[in-house]
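Visitor: Please show me one part of this model up close. Pick a single spot, then tell me what surrounds it.

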Amino acid sequence: MKIQIINGPNLNLLGVREPGIYGSSSFESYLDTLRKRYPDVEIAYYQSNVEGELIDKLQEVGFEADGVVLNAGAYTHTSIALQDCIRSLKAPVVEVHISNVHKREEFRHKSMISCACMGVIAGFGLDSYRLAIEAIIAAQ
């Protein structure tokens, strides 16, 4: 099984950026934990701050991977282009958020991509990624 994790803008700063919201661990250290927990799953990782690069990566992997875990960051709330891309893929996409976006600013309450995703997981810290992987595995 192959699962692609894609992180959007500013998520390269995990561990440094607003630790009260996002925690103090880098994503790379958490990725090691995920790979050890799921040794039979090939977990690939990609991060970009650029919307078009996220779309390119989704198109590259979305017809081969068994699933995609996508934290689109702020693009979640603005990108019809990501929504259109997700709709065109074969692989199921799970939208994830580290924080509970519904406890934050009003503009974060609306996702432009949820309607195209298999499901949404938010508010469980980095464990949101594990829960998304579990959902993809269960759907196979």
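Guide: Start with a term: a contact means heavy atoms within 4.5 Å. This is a predicted model, where local features need pLDDT of at least 70, side-chain atom pairs count only at pLDDT 80 or more, and totals for chains, interfaces and linings use all residues. Residues are numbered from 1 along each chain as its sequence is written, and side-chain values use heavy atoms, with hydrogens and water left out.

Our spot is Asn-7. Asn-7 sits in strand S1, which covers residues 2–7. Helices (H or I, at least four residues) and strands (E, at least two) are DSSP runs, numbered from the N terminus. Is Asn-7 buried or exposed? Asn-7 counts as buried because its relative accessible area is 0%. The cut-offs are these: buried is under 20% relative accessible area, exposed is over 50%, and partly exposed is in between (1.4 Å probe, protein chains only).

What does Asn-7 touch? Set aside its neighbours within four places in sequence. Then Asn-7 is in contact with Phe-27, Tyr-45, Tyr-46, Gln-47, Ser-48, Leu-54, Asn-71 and Tyr-129.

Asn-10 lies in the loop between S1 and helix H1 (19–22). Asn-10 is partly exposed, because its relative accessible area is 36%. Its backbone deserves a glance too: phi of Asn-10 is near 70°, a positive value in a residue other than glycine. Most residues other than glycine have a negative phi.

Now go back to Asn-71, one of the contacts of Asn-7. Asn-71 also touches His-97. His-97 lies in strand S4, residues 93–97. His-97 is buried, because its relative accessible area is 5%. In its unreviewed entry, UniProt places the feature "active site" at Tyr-22 and His-97. UniProt positions are given in the numbering used here, feature names are shortened, and annotations may be inferred rather than shown by experiment.

Step back to the whole protein. Five helices and five strands make up its secondary structure. From the N terminus, the order is β-α-α-β-α-β-α-β-β-α. Buried residues account for 46% of the 140 residues. Among contacts between residues at least 6 apart in sequence, 77% join residues at least 24 apart. Along its principal axes, the C-alpha trace spans about 35 × 35 × 25 Å.
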